[in-house]
Amino acid sequence: MIHGAHGYLISSFLSPLTNHREDSFGGGREDRARFAVEVVKSVRSAVGEDFPVFFRLNGEDFLPGGITVEDASVTARLLQGAGADVISVGGGVGIVAHDLSLGDNKSYGQMIMPMYIPRGCRVGIAEKIRKGLKIPVSVAGRINDPFLARDVIAQGKADLVDLGRQMIADPFFPQKMADGRIEDICRCIACNYCHGKRIRAIKQIRCTVNPLAGREAESREVKPAQIPKKVMIIGGGIAGLQAARWLAKRGHRVSLWEKENQVGGQILLASLPPQKEEIRSLLEFLNRQIEKLPVKVDLGCAVSPETVERERPDVVIIATGGRPVRPGNIPMNKKMKCPSAWEVLSGKEKFLGDKTVILGGGYVGAEAADFICTQALSEKVTILEMREAVALDLEPASRQMLLERLKEFGVQMMVHFRVREVTAGEVWGEDTRTGEREKIDADSVVVALGTESVGFPMDAVREKGMKVLWIGDAREPWGIAESMREGFLAGVSI
Ligand SMILES: Cc1cc2nc3c(=O)[nH]c(=O)nc-3n(C[C@H](O)[C@H](O)[C@H](O)COP(=O)(O)O)c2cc1C
Ligand code: SF4
């Protein structure tokens with residue numbers, strides 16, 4: 001595959017935005033395509049006639065003045081003439097990706113689409129390009145659903161589908177599709193954890209939903225349990241479900257105890273902000289897997305030390321999750337309505353008043369603002385954040401799209417702001433750079449200051465040789481990826 005998309009060298013020749021040449025490689029569409037055509041011709045002559053040559057082409061740059069689908073259609077025909085076998089349609093430009101400001105590169109998220117962009121987002125463009133071609137067209141972009149993949153091809157919109165992140169999330173997707181085991185497919189949730197700064201830094205692939213991504217060799221170590229044990233899992237969030245799944249698969253006798261009337265824990269909340277529904281597919285996947293296994297699931301059961309004593313398991317896994325941090329050191333007037341972001345997302349608050357102030361501008365606070373505006377729970381929303389910007393804990397593509405939404409809603413973001421006090425109708429604080437005191441009027445204050453672990457009084461249990469493991473947010477509040485990984489590790493280590 002020759003990469004002629006996403007802002008790399010060849011595509012920078014193709015794009016009128018970056019190609020300002022005045023020689024024969026610049027100018028109109030044919031001239032801008034000359035470099036790509038030369039590359040394809042020379043590759044073809046080097047590899048011979050029977051070697052497949054794919055060309056990755058931006059169907060659109062998604063930047064003003066960049067490549068349009070009309071440009072791409074002309075280029076595709078020229079590449080076909082030059083000897084390309086397949087046109088693989090991409091989109092978006094990946095440069096200036098990590099700039100924090102909104103203005104610079106709005107097309108980054110079109111290259112590596114977060115949940116805000118619908119599944120199969122590039123299919124319409126591929127279809128247009130395909131119309132003028134004799135060679136096959138393939139298309140990438142949020143294809144994580146077997147029925148979508150099938151329809152794209154069956155309806156003649158493209159000849160092939162490119163699976164990028166879906167193959168990281170579940171490398172057996174094509175096999176499962178061929179076998180008709182659709183329910184066993186674990187979908188990519190487009191969270192872009194695999195593309196985040198932290199993962200790039202370690203230079204290995206990692207995935208939120210697939211704890212074995214980049215560590216595939218570990219799967220060889222997963223063996224049936226030599227001595228099946230009685231394992232009690234306290235907490236039916238992601239970590240608990242994942243542990244239950246792997247333990248039961250390996251032959252342990254597993255019971256999972258959840259105090260709510262449904263499993264899922266925080267993932268239920270995480271899927272509630274606008275455009276975040278995709279996250280729920282992970283819970284659905286785990287549920288489907290658990291249903292196939294002999295896991296005893298007890299819902300609506302708050303486990304006490306006495307329950308553990310009575311059950312006498314060999315192993316207790318504490319997966320009790322987390323809860324929102326309350327602002328302990330900030331005086332809060334009792335007359336002010338102060339729900340947590342979790343309470344707001346769960347629909348407990350029907351109206352927050354005209355003015356809402358959100359304490360904490362991490363992604364939970366920012367998504368809560370999006371939710372409040374979308375649901376019209378308040379007229380005016382202000383986010384107060386101590387760091388230099390809002391939602392810094394989100395990967396760049398999602399962050400950019402979320403911030404754009406907040407901008408459109410007119411959400412005010414006050415950064416470098418330290419909250420000092422919440423009175424009956426105001427939030428007081430100061431600018432950490434100048435020390436200047438500031439006051440914001442508020443009818444409600446939504447608390448989004450992070451998560452803390454929910455413990456379990458294991459000391460109260462006479463352990464009598466019981467092995468105890470703490471996993472997920474109960475051990476340390478972190479993210480879905482870490483909960484999935486810790487659940488897996490617990491599931492294969494007993
Ligand atoms: C971990 C990762 C690394 C990627 N690296 C590149 C890259 O180096 N160059 C590129 O053009 N696209 C890169 N992409 C983008 C993919 O080629 C693809 O266009 C994108 O992921 C959308 O397809 P998908 O929804 O099937 O994943 C990368 C994607 C991921 C997830
Ligand atoms: S980390 Fe997220 S975006 Fe990347 S492959 Fe896994 S689920 Fe998909």
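Start by selecting Cys-191: with 22% relative accessibility, this residue counts as partly exposed. Keep in mind that you're looking at a predicted model.

Now jump to Cys-186, which at 4% relative accessibility is buried. Draw a distance from its sulfur to the closest cysteine sulfur, which belongs to Cys-207, and you'll get 7.1 Å. A disulfide needs the two sulfurs within 2.5 Å, so that gap is too far for a bond.

Next, pick ligand 2, which sits in the largest cavity. Show the residues around it: Arg-165, Ile-168, Cys-188, Ile-189, Ala-190, Cys-191, Asn-192, Tyr-193, Cys-194, Cys-207, Thr-208 and Val-209.

Finally, zoom out and colour the chain by domain. The assignment gives domain 1 as 2–162, domain 2 as 228–324 plus 453–493, and domain 3 as 341–449. How far apart are the centres of domain 1 and domain 3? Taken over C-alpha atoms, they are separated by 39 Å. The two do touch: select the contacts and you'll have 13 residues of domain 1 against 15 of domain 3.

Definitions and conventions: Residues numbered from 1 in each chain as written. Chains lettered and ligands numbered in written order. Predicted model: local features only at pLDDT ≥ 70, side-chain atom pairs only at ≥ 80, totals over all residues. Heavy atoms only, no water. Near = heavy atom within 4 Å. 1 Å grid on protein atoms, 1.4 Å probe; cavity = no way out; pocket = protein on both sides within 12 Å on 5 of 7 lines; lining within 4 Å. Sits in = over half its atoms within 2 Å of the grid points. Buried < 20%, exposed > 50% of the residue type's maximum accessible area, 1.4 Å probe, protein only. Domains from an automatic or database assignment. Contact = heavy atoms within 4.5 Å.
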